[in-house]
Amino acid sequence: MQARPTFPLRLLLAAILVLLALGALLTLTYATDALLSIVDRLERLPDWMAWGLAGLIFVVISATAWLIWQLFRPAQARKRSESKVDRKSLEIRLDKLPEQATERGRLQDELVDIDRRAAQSQLYVAVFGEISTGKSSLVAALTDSAIERDVLGGTTREIRHYRCALDSAEITLADVPGTNEERGDALAVAAREEAIRAHIVLLVMDGDLNRDIAAELTWLRAFDKPVVPVLTKIDRYQDAELAALTTRLQKRFDHAPVLCSGGGMAEVIVRHADGREEKRSRPRQVQTKALEACLKSYAARPLGGLETSRERAILKAVDLRVGDAEAEQRRVQAEKIVRQYARRAMLGAVAAVAPGSDLLIQGTLATLLLRRLTELYGARPSEVDLDNLVQAAGGRLRGGTALVLAIAGNAAKAFPGLGTLGGGMLHALAYGMIFSSLGRALADTLHKTGNLDSAKVLKGFEQTLSDKSTLARQAKALLPLMTEVLMEKLPDTSQKNRDSA
Ligand SMILES: Nc1nc2c(ncn2[C@@H]2O[C@H](COP(=O)(O)OP(=O)(O)OP(=O)(O)O)[C@@H](O)[C@H]2O)c(=O)[nH]1
Ligand SMILES: [Mg+2]
């Protein structure tokens, strides 16, 4: 239980309370008096002046309230700039990617394909949805094509285009692999890319909208894709069930689903008079009238508007993918820079002659490393910021060096010849590890935030310095560099060695 304050202290508190109450009462009285006299004087003023003053007071109060709100309102998530992506700048960015970047050729083809399809002046429709919902069966029913269909999910393994003639209109249907719960799945990625290339997307479902397909819908809407909900396999539902399902889907899509049945083959068991049972396949009834009507209505519209939004969607998708490829390139570059400076730090440590001179060399190198990395990510910190970060990183090192040295020692033992070279080499290897840790912590932060967030960098740096397994991995990766450095420094090192380093 808490001890009660002593009697004199309670007396003092009571006195303070009385004084505070008196003060509050007095302030209230004066404030009321002042307010009343203002109102009184306002009343005696001519109307226009009284209203003018009242308006002025109102403006001052509102402006103050607005300013206070601006100060304390919760931070808003910054919206990704929705500016339109222009094709020319995308082409320039693609050209800047290294030739061997896997995405470069594919994305350039994607841009070329925009014109190829536009020149065809034909409506492209992607038949998109989860695996085994009956997409291929629908395409087969609409185009009279023989397409592989199966009760097993994942039957369609590649994108295929089929011509579909509807009265005078001719459209192209893309049968695509089904999506499933694994978002990274390559077939599903290909299906999504084709959906982006289409003018409209038939979102095929054989039941209620589930979480995965709702996520696909959100994603398609982000690209402004016209999405037509299609409920297939309606032969499986009773009328009342179908009506309820239709109402639910209509609410989710703001659009009634198109009801149909792609048919497919049904397995039936035929019982013969002699009691024998035989399995047979029988085609189910096809119902595609409503879907055909819907497609015809799209085909009857002028293609111009749909083509413009199709192109915009493709450019946006390509923009995102170019962004990812650029980020990947920067990662590769950053790794090169970190390795280059780790090597220099090791050289500096081996070369240092005067006591403490290596610290000077390393400080300068660390600043250079940080500057190169920030330049790579287009961040422009001041020299003071960089120096402060190097100083702070040095401060964080104190506790971690013992572990770094111990792990460097362990790693060197496993490398024949190096373990016997003694303290200087360990010192150098430790410097290499420290530079790798600092460089990677900064590269990671720049990758995530795009600017020099010193607190995050230092946190990442500290985490690595206290993580034995990461340090051990770094030491192992640096040992070949260490050998190079030693070769360079040994008196009998040949010019050839120096060149290859
Ligand atoms: N009851 C019924 N079953 C259907 C209908 N349409 C298709 N099916 C069956 O659903 C299963 C899957 O059909 P597919 O057309 O291969 O489905 P899919 O969406 O192309 O499948 P994936 O290519 O694997 O993504 C098959 O067993 C079809 O027979 C239909 O209208 N009614
Ligand atoms: Mg299929």
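Colleague: How many residues surround ligand 1, and which are the closest?
Modeller: This is a predicted model, in which local features need pLDDT of at least 70 and side-chain atom pairs count only at pLDDT 80 or more, while totals for chains, interfaces and linings use all residues. Residues are numbered from 1 along each chain as its sequence is written, and chains are lettered from A and ligands numbered from 1 in the order in which they are written. If a residue is taken as near a molecule or strand when its C-beta atom, placed from the backbone, lies within 6 Å of it, ligand 1 is surrounded by 26 residues. The closest of them are G134, S136, T156, G178 and G264.

Colleague: Which helix gives the largest share of the shell around ligand 1?
Modeller: Helices (DSSP runs of H or I, at least four residues) and strands (runs of E, at least two) are numbered from the N terminus, and the protein chain has 16 helices and eight strands. The largest share of the shell, three residues, comes from residues 135-143, that is, from helix α5.

Colleague: How do the residues of that shell around ligand 1 divide into nonpolar, polar and charged?
Modeller: Ala, Val, Leu, Ile, Met, Phe, Trp, Tyr, Cys and Pro count as nonpolar, Asp, Glu, Lys and Arg as charged, and the others, Gly among them, as polar. On that division the shell around ligand 1 has four nonpolar, 15 polar and seven charged residues.

Colleague: Are α4 and α10 roughly parallel or roughly antiparallel to each other?
Modeller: The axes of helix α4 (residues 102-120) and helix α10 (residues 303-351) come within 10 Å and cross at roughly 175 degrees, where axes are lines fitted to C-alpha atoms, for helices over the stretch in contact, and angles run from 0 to 180 degrees between N-to-C directions. Angles under 35 degrees count as roughly parallel, over 145 as roughly antiparallel, 65 to 115 as roughly perpendicular and the rest as oblique. The two helices, α4 and α10, are therefore roughly antiparallel.

Colleague: Which residues of α10 make the contact with α4?
Modeller: Two residues are in contact if their C-beta atoms, placed from the backbone, lie within 7 Å. The side of α4 supplies E103, L107, E110, L111, I114 and A118, and the residues of the contact divide into eight nonpolar, no polar and five charged. The residues of α10 that take part are E307, E311, I314, V318, R321, V322 and A325.

Colleague: How many of the 38 residues of α1 are buried?
Modeller: Helix α1 (residues 7-44) reaches 56 Å from its first C-alpha to its last, close to the 56 Å expected at 1.5 Å a residue, the expected span being 1.5 Å times one less than the number of residues. In the protein chain, buried residues make up 27% of the 501 residues. Helix α1 lies largely in the open, because the number of its residues that are buried is zero.

Colleague: With which residues is A191 in contact, leaving aside its neighbours within four places in sequence?
Modeller: A191 lies in helix α6 (residues 186-197) and counts as buried, with 25 C-beta neighbours inside 10 Å. Its contacts beyond those neighbours are F128, V176, P177 and T179.

Colleague: Does D254 count as buried or exposed?
Modeller: D254 lies in the loop between α8 (239-253) and β6 (258-259), and has a positive phi of about 55 degrees although it is not a glycine. With 7 C-beta neighbours inside 10 Å, D254 counts as exposed.

Notes: Buried ≥ 20, exposed ≤ 12 C-beta atoms within 10 Å, placed from the backbone.
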